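I would like to talk through the aromatic rings and the nonpolar packing, so please keep the display in view as we go.

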Amino acid sequence: MNKKSKNIIISGGGTGGHVFPAIAIAHALKKIDPEVNILFVGARDRMEMEKIPEAGYEIIGLPVSGIQRKLTWKNLKVPFKLLKSLLQAKKIIKQYNPGVVVGVGGYASGPVLKVAASKKIPTLIQEQNSYAGITNRMLAKKAQKICVAYEGMEKYFPAEKIIITGNPVRKNLQLTKVKKEKALKYFNLQQNTKTILSIGGSLGARSINESILDHLHLFKNENVQLIWQCGKLYHEKARKQLNKYNLNNVVLKDFINRMDMAYAAADIIISRAGAGTISELALIKKPVILVPSPNVAENHQTRNAKTLVDKKAAILIEDNKAKTELIKTAIGLINDDNKLNTLSNNIKKMAKPNSAKLIAEEVLKLIN
């Protein structure tokens, strides 16, 4: 095998759900074969341009962008940005001469994988969601392998190309090493009181936050405590409202850096239904209530959540019902030990702890 054949391009990004699995795959590749060379290709002005260098890898940004849902003049630029990105992808692939190209989803993966396939370079797609987007469905026709997290993906991809690997999760989540006692102490919470963890993403989730704000009075009367990641956009409003109640059993954070502590402290978790988040929740084996975001492409979060609900591995509350139903459902659930055990046992069956390693092995097989 010559040196150039060990060059690997990983393309995609845009959100943490694409970027963190991409980094995990890169780490796994380096662990298996330290001699591989990895180049990332992302979209300019997206989070991968910051997160990938922080993880120790080189990245090149393409001008590609997606179509805005609302009417805007920016949509007129999209075809020109795509053409420019295709030309730049050709140049990158010619110079870097990769042995294989990996697509993790996001704007940049389209042009890069399309060019690679046209040059007969092997490609692998990592599809995180239970519903495959149109770009990955198109790219799959020329891909050699498609790594998925859910069963039943043959409705979108050729069955002979599919490998069920699960979704890689963030490397810094030491999910099994933190004891609950230590975690509760970290948040200054009571040891013998059941705990709800609410996570809505770094910016927050309006419906989840509004439900908590409207039901803070319940935390005065119920024997339950709350760790509440409200997001940066909602923090000031939430803090002011919380101060009115003088509750010492509610811990408010705009962002939680130690998610391993938060997960360990929780008895149940309220969350959006992004693919990466669901993979983490399966690994920690905790009962979850999923509130899918309605503001995502092709409503894929609802589809992700329904996959778990069908296996009795989660509870689904629709975003437009969350404000009135969510907290009451959570408090009811936390006092139902039979339901908690059922949810925990079923979500545990969906965990894939070695996803990054499995995907990395498939990538290296394509080089060999």
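This is a predicted model: local features need pLDDT of at least 70, side-chain atom pairs count only at pLDDT 80 or more; totals for chains, interfaces and linings use all residues.

Phe187, by contrast, is buried, with a relative accessible area of 4%. These two residues, Tyr186 and Phe187, form an aromatic pair with 5.0 Å between the ring centres and 85 degrees between the planes, which is an edge-to-face arrangement.

The count of aromatic pairs comes to three. Another of them joins Phe40 and Tyr57, whose ring centres are 5.5 Å apart and whose planes meet at 55 degrees, so this pair is classed as tilted. It links distant parts of the chain, since Phe40 belongs to strand β2 while Tyr57 sits in the loop between α2 and β3, 17 residues apart. Phe40 is buried at 3% relative accessibility, and Tyr57 is buried as well, at 11%.

There is also a charge over a ring to point out: Arg303 lies over the face of Tyr131, at 3.7 Å from the ring centre.

Turning to the packing, which residues touch the most other members of the largest nonpolar core? That core has 64 residues, and the ones in question are Ile9, Phe157, Phe187, Leu197, Ile269 and Leu290. Helix α10, residues 259–265, supplies the largest share of this core, with six residues. Leaving aside residues up to four places away in sequence, Ile9 touches Leu39, Val41 and Ile92, among others. A second, separate core holds 32 residues, including Phe219, Leu226, Ile327 and Ala330.

Methods. Residues are numbered from 1 along each chain as its sequence is written. Side-chain values use heavy atoms; hydrogens and water are left out. Rings of Phe, Tyr and Trp (its six-membered ring) pair if their centres lie within 6.5 Å; planes under 30 degrees apart count as stacked, over 60 as edge-to-face and the rest as tilted. Helices (H or I, at least four residues) and strands (E, at least two) are DSSP runs, numbered from the N terminus. Buried means under 20% relative accessible area, exposed over 50%, partly exposed in between (1.4 Å probe, protein chains only). A charge sits over a ring if NZ of Lys or CZ of Arg is within 6 Å of the ring centre and within 35 degrees of the ring normal. A nonpolar core is a set of buried Ala, Val, Leu, Ile, Met, Phe, Trp, Tyr and Cys residues joined through side-chain atoms within 4.5 Å. Contact means heavy atoms within 4.5 Å.
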